Every structure is written in C-alpha cells, then in structure tokens.
Amino acid sequence: MPKFICETCGVQYSKSETPPDKCIICNEERQYVNPSGQTWTTLEEMQASGFYQNEISEITDNLLMLQTKPKYAIGQSAYLIRNKGFNLLWDCITYLDEETIRQIKGKGGIDAIALSHPHYYASQVEWAETFDALIYIHEDDRQFITRESERIRYWQGDSLALHPTITLHRIGGHFKGAAIAHWTKDNGKLFTGDVIRVAADRNWATFMYSYPNFIPLSSKVVKRMANQVKQLSFEQLYDAFQRVMEMDARQKVLNSAARYISALNDELADT
C-alpha cells in the first residue's frame, strides 16, 4: 500500500489504500490547506517524475545543507551535522532518492534525526529506515505524528544531550514542543528551523506562532524563549530557509526578542 504525502506541507503518512481524509498538519491554524484543495502524492511518484533532486551543499567539512530543487512543499532545508562517530540530521526534507543516499553514506551516514517541530517531519521515518537512525521528537508534539515508528524516541523536559557536542533544547513558541539544536563546535552554532527565524536583515530574527497566517507570539512567550537562549553560547545561527547569522548571533537574537516585545507592548513605533 502507498504512503501518501501531503503536497502542501510534504509530510508523509502511514500506509493506506486511499489518501487520508485530511492532513492533520495543514488543517491547523499554524499551517493551511492549499486554496485549490487538498492533494496527495507518494515518494515513488516523486522519484518517477524525474522532476526533483536534492542539492547537498558543504558549508564546512562537518556541516552540510540539504535542499530539494525545485522547491517542494514548505521548502525547508535540513542540515547534516557531522561529528566523529555521530552524524545528526537536523530537521528533514520529503524527497529521498538513490543519489542522496549515496552522497550521505559517503559522508558517514546518519545516526540520529532530530526535529524542530511538526512542519518539518516530512518523510522522517523513510529517512530513518534508510540510514538505520533514531528519530528524536519532543513528547509535547506527539499528537502531530502522521507515521508512527519504533524508531521514534519521544523526549521530555527542556533539554536532551544527543552527543557531547549536541544538545536539543525545547523552547516552545511556534509549537509547544518546538526545539532548537545547540552544537558547541567552532564557537557554537544554533539550528532553529523557524522556531527562531532569521529576518531579511540578517542582524535580526523573529518569532511567530504561525508564519503563513501571520499570528504572533505573546510577549510572555518570547521573553521565556529569549531567557532560555540566553543560557547558550553560540556565534552563528542557521534557520530552515538558508538564512544565517554569521556572527554575534546570540546577542542579535536577544536584541530581536527585546524589539519584538517592545512592538507588542506598543513601545516601538507611533504610526
């Protein structure tokens, strides 16, 4: 039986003879159903079309960025964070083919997959089975799982160390279980999906409950998120859409949180 994929968000469902009645990810106020209607595909159909390929870019010897070209569904990037004996795939993309598998195996494979939030669950189980990896998702977002697997590890609390250099932190906001990944190598790097989103002006970031539907977070929540980030040491920040804060990222995030709160409190501008 096929494993259907929602064409709007790119999340894969468990095997079924017919497509699901609806996508639980898109039928929720943080996402949306395509105005032209709900449509479905499968990974096999995507592969057979010959339309898609994954571009794997080397940021450093130990950090790779994965993107599907042309843009598919939400269009997020995933990152392969490489350590000696432990490679982490941060967030996931839907498309997977033999060339992608070959390239990633050439870089040491994938030992674990960690997700920032449900919009990027993609075909995570397909990836985990292909590379014999475990999946780490915060317990608070368990209700959004569309394809259960014994490979999924639901973690609890505010942090989880996956490796001496990599720790997941649940900071909430975008989703209750929304997480970021802190990698301590090279003065520290933070991977945030769009739990923290880098702005067009790379000196600033933003925080949203829903990006496509323009629903902000409360000042209370953003203050809490900023206080959690403040405890971490990092120089760079990578979001899900190829935007990077190259230096002083920690201070820029804290400045951004302060500006966001100021705007919500009607203190930023008089227009």
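Start by selecting helix H2 (residues 98–106) together with its cover: the buried residues of H2 are covered by elements that include S4, S5, strand S6 (78–83) and helix H3 (124–131). Contact here means heavy atoms within 4.5 Å. Helices (H or I, at least four residues) and strands (E, at least two) are DSSP runs, numbered from the N terminus. This is a predicted model, in which local features need pLDDT of at least 70 and side-chain atom pairs count only at pLDDT 80 or more, while totals for chains, interfaces and linings use all residues. Residues are numbered from 1 along each chain as its sequence is written, and side-chain values use heavy atoms, with hydrogens and water left out.

Within H2, show the side chains of Thr100, Ile101 and Ile104, which are buried. The classes rest on relative accessible area: buried is under 20%, exposed over 50%, and partly exposed in between (1.4 Å probe, protein chains only). The three lie on the same side of H2 because they cover an arc of only 100° around the axis; the arc is that of the directions from the helix axis to the C-beta atoms. An α-helix has 3.6 residues a turn, so residues three or four places apart point the same way. Turn to the other side of H2 to find Glu98, Arg102 and Gly106 exposed. Then step just past the end of H2 to glycine 108, where phi is positive, about 105°.

Next, the salt bridges. A salt bridge is a side-chain nitrogen of Lys or Arg within 4 Å of a carboxyl oxygen of Asp or Glu, and twelve are counted by this rule.

Select lysine 69 and glutamate 55, a salt-bridged pair with closest N and O atoms 3.3 Å apart. This pair links distant parts of the chain, 14 residues apart: lysine 69 belongs to strand S5 (residues 63–69) and glutamate 55 to strand S4 (residues 53–60). Lysine 69 is partly exposed at 32% relative accessible area, and glutamate 55 is partly exposed at 35%.

Move to arginine 30 and glutamate 28, whose salt bridge has its closest N and O atoms 2.5 Å apart. Arginine 30 is buried, at 8% relative accessible area; glutamate 28 is also buried, at 18%.

Arginine 142 and glutamate 139 come next, with a salt bridge of 3.4 Å from N to O. Here arginine 142 is partly exposed at 38% and glutamate 139 is partly exposed at 26%. Now select Lys3, Glu126, Glu129 and Arg147, which salt bridges with shared partners join into one network.

On a 1 Å grid over the protein atoms alone, a cavity is a set of points where a 1.4 Å probe fits but cannot get out, whereas a pocket is an open set with protein on both sides within 12 Å along at least five of seven lines; lining residues have an atom within 4 Å of a point. Grid points are joined across faces, edges and corners, and a volume is the space filled by probe spheres set on the points. The largest cavity holds about 50 Å³, and one cavity of 30 Å³ or more is counted.

Finish at the largest pocket, with a volume of about 240 Å³. Select Ile74, Asp194, Tyr211, Pro212 and Phe241, which lie nearest its centre among 17 lining residues.
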